[in-house]
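Trainee: I would like to go through this model step by step. Please start with the terms.

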Amino acid sequence: MENSHSSPYQFHSLEKCSKKEIICYLLREFYRLGWCTGTGGGISIRESKDLIYLAPSGVHKEFVTTEDLFESDSEGKILSIPKNPKLK
């Protein structure tokens with residue numbers, strides 16, 4: 001599955017990106033490589049011991065932005081939800 005969506009993040013500069021930006025980059029790359037379908041798959045990244053960023057479910061992963069991510073603690077309690085109330 002090849003797509004034409006370019007990433008604003010280049011692989012060599014990921015060290016300068018936030019973890020939220022890295023999730024968005026990886027979702028686009030996973031889609032581009034055919035490792036997940038548009039709405040399939042999921043990813044999360046641990047920022048610290050008590051902060052995890054999670055990609056939303058059931059959305060086209062290649063279009064996820066940092067504002068679409070959930071924040072959770074290590075116990076699974078949601079700390080922050082996306083601005084878009086339709087995201088789950």
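Mentor: Buried means under 20% relative accessible area, exposed means over 50%, and partly exposed lies in between (1.4 Å probe, protein chains only). The model is predicted, so local features need pLDDT of at least 70 and side-chain atom pairs count only at pLDDT 80 or more, while totals for chains, interfaces and linings use all residues. Residues are numbered from 1 along each chain as its sequence is written, and side-chain values use heavy atoms, with hydrogens and water left out.

Trainee: Is glutamate 29 buried or exposed?
Mentor: Glutamate 29 lies in helix α1; helices (H or I, at least four residues) and strands (E, at least two) are DSSP runs, numbered from the N terminus. Its relative accessible area is 16%, so glutamate 29 is buried.

Trainee: Which side chain does glutamate 29 join in a polar contact?
Mentor: A polar contact is a pair of N or O atoms within 3.5 Å; within protein, one must be able to donate a hydrogen and the other to accept it, and residues adjacent in sequence count only if both atoms are side-chain atoms. At 2.8 Å, the partner of glutamate 29 is arginine 32.

Trainee: In what order do the four strands form the open sheet?
Mentor: Two strands pair if DSSP finds at least two bridges between them. The edge strands are β1 (44–48) and β4 (78–80), each pairing on one side only. The pairing is antiparallel and the order is β1-β2-β3-β4.

Trainee: Which residue in β3 is the bridge partner of tyrosine 53?
Mentor: Strands β2 (residues 51–54) and β3 (residues 70–72) run antiparallel and are joined by three bridges. The partner of tyrosine 53 in β3 is glutamate 71.

Trainee: Which residues is leucine 87 in contact with, leaving aside its neighbours within four places in sequence?
Mentor: Leucine 87 lies in the segment after β4, and with 14% relative accessibility it counts as buried. Contact means heavy atoms within 4.5 Å. Under that rule, the residues are Pro56, Val59, Asp68, Phe70 and Pro82.

Trainee: Why is the pair of phenylalanine 30 and tryptophan 35 called tilted?
Mentor: Rings of Phe, Tyr and Trp (its six-membered ring) pair if their centres lie within 6.5 Å; planes under 30 degrees apart count as stacked, over 60 as edge-to-face and the rest as tilted. By this rule the count is one aromatic pair. The ring centres of phenylalanine 30 and tryptophan 35 are 5.5 Å apart and the planes stand at 40°, so the pair is tilted.
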